[in-house]
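Please keep the sequence and the model at hand while reading.

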Amino acid sequence: MTAPAQKSLPATEQVTPLTDNRAEMTIETADQVLEITGEQRFWTKAQRAALATIGLANAPTHDLVAFFHICKSTGLDPFRREIYYIQRKRKAGKQEELYYTAQTGIDGFRHTGQRTGRFIRRVGPFWTGPEDDPKWWMQGEDGINRRRWVDVWLHDQPPAAAMCRIEHRSIAGDATVTQAVAVFSEFAVGKDEWRNDPVTGDGYKTGKRILTGQWPTMGAHMIGKVAEAQAWRIAFPRELVNIYEHAEMEQADAAQRELEREAGAARRREARSKEQPGAIIPGTVVSASTETEDTTEQGMPEKESDPQPVEPADQPPTADELRRELRAYASAMGSTVTKITDRWRKSTGIGVNKATAGQLAVLLGELRPYVLAALGAHPEAAEHVEAGGLLIRLDPDTTVWSREDAREG
């Protein structure tokens, strides 16, 4: 009896230091796939894939190294959303450069502080009111006025400031207290209040600021978190250096968004200013050629096409005429100049009264389809507008097209 032939084992892929993932695969639970171990020196492939899903797909290697060090030293887990690495822009001379900021919620500060073994207790936060309100001041036994702080804020208006204390032991073992105060106006996120002039339609700033985000409804909670985060960072600077609570960075984010909006508006204004200045509304058929008529091979001029109802090329509308035409458009559409130009003014940053003839011509061209739809009862007027004509040259009364007895052309 012959022995059965032994099956040869398939050849395995040669293991190299770059492809050796066996250490990553020796896991016992599903949570360990993304767990940062004590012996680990850099992100694993699985962790890199998970980081890409939370906004770090294109982060440079040196930033990933720095973030790994922060996560390992604080014990905060980015995959449980305990800490974030936020990308921002800043000016470096005339150029912009990207940088990253480590951010965590207030629970991340509490977790990191307690891990030190030197934390005793947290006291606060407390809140206080405006500087000029006498009810937020009290006189001590020594005759010195001191600010009054409350541990619950029940007022309709946001507090003027928040304060928090952290009791802990120093590195030498001495019991100590650190305190931080955060002023509401320095961290609250807001935007300028704008209003439209009902006559001209121009937008203007009222000089007031409007709170945005969670600051209008949760102002005490937000400024309390800022004060507590600052107290934790003062108490444990080694562990929390360059780590910020989300509420501390909201104003920086808002300022960056505002700069991006202003830059976009400036680019749009520059693009419009470079457009060929023309007083003719887009769509107007006007010949700019000064050459003589073309002739056929027999020397006879070609038959002229039927004339179009266009404005004379030598009488272009002025800016004032185009503003009156806007009023005629608004009347035909049953609206006001302020309403029909609202989006255009916000996107360009230009008021109707300050716009040039060329800019107004572009605006009228954008509104033309809506006016044509509103001029269904005036077919001749609609035909005139579609060819590039002005309603005010058919009738100087800008309100005539909103009446039932309006003329037709």
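Two residues are in contact when heavy atoms of theirs lie within 4.5 Å. The model under discussion is predicted. With its neighbours within four places in sequence set aside, Q230 is in contact with A180, V181, A182, F187 and E248. Q230 belongs to helix α6. Its relative accessibility is 17%, and because buried means under 20%, Q230 counts as buried.

Helix α6, which comprises residues 219–235, lies across β3, β6 and β7 and runs at about 140° to β7. These strands form an open sheet of three in the order β3-β6-β7, with antiparallel pairing. In general, the strands of a sheet pair through backbone hydrogen bonds, in either a parallel or an antiparallel manner. Here β3 (119–128) and β7 (175–183) stand at the edges; each has a single partner strand, and therefore one side of each is left without a neighbour in the sheet. On average, neighbouring strands of this sheet are turned by 15° against each other, direction ignored. Between β3 and β6 (residues 161–169), the antiparallel pairing extends over seven bridges. The bridge partner of W127 in β6 is A162.

Attention may now turn to the aromatic residues. How many aromatic pairs does a search of the whole structure find? The search finds 10. One of them joins F67 and Y85, which are stacked, at 4.5 Å centre to centre and with 10° between the planes. F67 lies in helix α3 (residues 61–74) and Y85 in strand β1 (residues 83–92), so this pair ties together parts that are 18 residues apart in sequence. Both F67 and Y85 are buried.

The rings of F184 and W215 have centres 5.5 Å apart and planes at 75°, so that pair is edge-to-face. Since F184 lies in helix α5 (residues 184–187) and W215 in the loop between β9 (203–211) and α6, the pair ties together parts that are 31 residues apart in sequence. F184 counts as buried at 9% relative accessibility, and W215 is buried with a relative accessible area of 0%.

F67 and Y85 also belong to one aromatic cluster, which they form with F42, W43, F68, F79 and Y100.

How values were computed:
Residues are numbered from 1 along each chain as its sequence is written. This is a predicted model: local features need pLDDT of at least 70, side-chain atom pairs count only at pLDDT 80 or more; totals for chains, interfaces and linings use all residues. Side-chain values use heavy atoms; hydrogens and water are left out. Two strands pair if DSSP finds at least two bridges between them. Helices (H or I, at least four residues) and strands (E, at least two) are DSSP runs, numbered from the N terminus. Axes are lines fitted to C-alpha atoms, for helices over the stretch in contact, and angles run from 0 to 180 degrees between N-to-C directions. Buried means under 20% relative accessible area, exposed over 50%, partly exposed in between (1.4 Å probe, protein chains only). Rings of Phe, Tyr and Trp (its six-membered ring) pair if their centres lie within 6.5 Å; planes under 30 degrees apart count as stacked, over 60 as edge-to-face and the rest as tilted.
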